[in-house]
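Have the structure open as you read along.

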Amino acid sequence: MIAIHVDADACPVKEEIYKVAFRHGVPVTVVSNSPIRVPQHELISRVVVSDGFDAADDWIAERAAPGTVCITADILLADRCLKAGGTAISPSGKPFTLNSIGSAIATRAIMADLRAGGDIIGGPAPFSKTDRSRFLSALDEALVRLKRHT
């Protein structure tokens with residue numbers, strides 16, 4: 001069964017996810033550490049996990065499987081989803097793949113080391129309309145591909 005799991009606490013594209021999910025008739029689970037408002041719709045469910053470290057990530061990773069799409073900006077969660085056979089897409093529309101995740105993890109580690117050493121300040125670029133558009137396309141493409149193969 002095709003399903004979407006959203007790492008929702010800081011996800012800027014929840015409304016876009018709902019729109020694409022409704023069009024495709026795919027259920028969405030919004031996972032967060034605190035209650036988040038979600039549309040009242042049979043395809044949308046909300047799971048509030050404990051505020052423990054990585055509790056939302058663990059919930060999503062445990063349910064990742066072929067046919068699931070995980071929406072997350074967390075590279076390590078994306079890696080766990082991919083290893084379980086799922087699909088992982090960042091909110092900026094960048095699909096994570098088994099071929100690209102290794103370099104993404106390495107870059108993440110390098111950036112963490114540089115920040116810890118005080119060499120880099122700041123964070124990712126602000127979320128843009130282009131990111132939103134790229135995300136809509138990436139999610140739609142992933143669902144179409146999964147529907148063809150199931």
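## Helices on the sheet

In this predicted model, helix H1 (residues 14–24) lies across E1, E2, E3 and strand E4 (68–71). The direction of H1 makes about 155° with E2.

Helix H2 also packs on the sheet, where H2 touches E1, E2, E3 and E4. Relative to E1, H2 runs at about 160°.

## The sheet itself

Which strands make up the sheet, and in what order? Six strands form an open sheet, and reading across gives E3-E2-E1-E4-E5-E6, with mixed pairing. The edges are taken by strand E3 (44–48) and strand E6 (95–96). Each of these has a single partner strand, so one side of each has no neighbour in the sheet.

For a closer look at one pair, take strand E1 (residues 3–7) and strand E2 (residues 28–32), which pair in the parallel sense over four bridges.

## H1 against H5

Two packed helices are described by the angle between their axes and the distance between the axes. For H1 and helix H5 (residues 129–148), the angle is about 30° and the axes are 10 Å apart. Angles under 35 degrees count as roughly parallel, and H1 and H5 are therefore roughly parallel to each other. Their crossing is right-handed.

Which residues make this contact? From H1 come Glu16, Ile17, Lys19, Val20, Arg23 and His24. H5 brings Arg132, Phe135, Leu136, Leu139, Asp140, Leu143, Val144 and Lys147. Sorted by class, the contact of H1 with H5 holds seven nonpolar residues, one polar residue and six charged residues.

## H2 against H3

Helix H2 (residues 55–63) packs with helix H3 (residues 75–83) at an angle of about 15°, and their axes are 8 Å apart. That angle makes H2 roughly parallel to H3. The crossing of H2 and H3 is right-handed.

On the H2 side, the contact is made by Asp57, Asp58, Ile60 and Ala61, while Leu77, Arg80 and Cys81 make it on the H3 side. How do the residues of the contact of H2 with H3 divide into nonpolar, polar and charged, and how many are in each class? There are four nonpolar residues, three charged residues and no polar ones.

Technical notes: Residues are numbered from 1 along each chain as its sequence is written. This is a predicted model: local features need pLDDT of at least 70, side-chain atom pairs count only at pLDDT 80 or more; totals for chains, interfaces and linings use all residues. Side-chain values use heavy atoms; hydrogens and water are left out. Axes are lines fitted to C-alpha atoms, for helices over the stretch in contact, and angles run from 0 to 180 degrees between N-to-C directions. Helices (H or I, at least four residues) and strands (E, at least two) are DSSP runs, numbered from the N terminus. Angles under 35 degrees count as roughly parallel, over 145 as roughly antiparallel, 65 to 115 as roughly perpendicular and the rest as oblique. A crossing is left-handed if the near helix is turned anticlockwise from the far one by less than a right angle, and right-handed if clockwise. Contact means heavy atoms within 4.5 Å. Ala, Val, Leu, Ile, Met, Phe, Trp, Tyr, Cys and Pro count as nonpolar, Asp, Glu, Lys and Arg as charged, and the others, Gly among them, as polar. Two strands pair if DSSP finds at least two bridges between them.
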